[in-house]
Amino acid sequence: MSNRDAILRYLDGYNKQDAEAVVATFAKDGTYTDPLTPLIPAIQVSAMCAQLFVALPDVTFEVTDLLDGGQGRFALHYFMRGTTPSGRQVTMGGADFILVEDGKLRSVVGYFDSGTYLRQIGVAV
């Protein structure tokens, strides 16, 4: 499996709301972080996904661009959509910088406007 395919499987796990499929794309010592998630080891990604799937049960990520920087380094630009259980619509773009080795994600560093996300799900910021 190519490194690019590993990233697409990672997104597929999110799009199927399958936390274990997301975790399976990570190397055992892989890490994840984003503006609302401190740096966590791959083993904790499942719990982070579960929280997202509760907040946005129909969440999907559409790839708008996936750039291969060489040496396993990728930049992913995406558009996320979802609906909260109360019916609020969430739509926003974001970017992940991903390091992949031997078809496994070693590091995912995500960026998005956390204020926009929180306002859209109904949290006052």
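Visitor: How do the residues lining the largest pocket divide into nonpolar, polar and charged?

Guide: This is a predicted model, and in it the lining splits into 16 nonpolar, 4 polar and 2 charged residues.

Visitor: What makes a residue part of that lining?

Guide: A lining residue has an atom within 4 Å of a pocket point. Here 22 residues line the largest pocket, and Y32, D34, T37, M48 and L52 lie nearest its centre. The elements giving two or more residues to the lining are helix 1 (3-15), strand 1 (26-34), strand 2 (37-41), helix 3 (45-55), strand 4 (73-83), strand 5 (89-101) and strand 6 (104-112). Helix 3 supplies the largest share, 4 residues. As for volume, the pocket comes to about 430 Å³.

Visitor: Why are strand 3 and strand 4 called a pair?

Guide: Pairing takes at least two bridges, and 9 bridges join strand 3 (residues 60-70) to strand 4, so they count as paired. They run antiparallel, and E62 stands opposite F79 in strand 4. Their hairpin has 2 residues between the strands, and Q71 takes a positive phi near 55 degrees there.

Visitor: How do you know that strand 1 and strand 6 pair?

Guide: Same test: 4 bridges join them, the cut-off is at least two, so they pair. These strands run parallel, with F26 opposite L105 in strand 6.

Visitor: And what makes strand 5 and strand 6 a pair?

Guide: They share 8 bridges against a cut-off of at least two, so they qualify, in the antiparallel sense. The bridge partner of D96 is G110 in strand 6. In their hairpin, with 2 residues between the strands, D102 has a positive phi near 55 degrees.

Terms used:
Residues numbered from 1 in each chain as written. Predicted model: local features only at pLDDT ≥ 70, side-chain atom pairs only at ≥ 80, totals over all residues. Heavy atoms only, no water. 1 Å grid on protein atoms, 1.4 Å probe; cavity = no way out; pocket = protein on both sides within 12 Å on 5 of 7 lines; lining within 4 Å. Points joined across faces, edges and corners; volume = space filled by probe spheres on them. Nonpolar A, V, L, I, M, F, W, Y, C, P; charged D, E, K, R; others polar.
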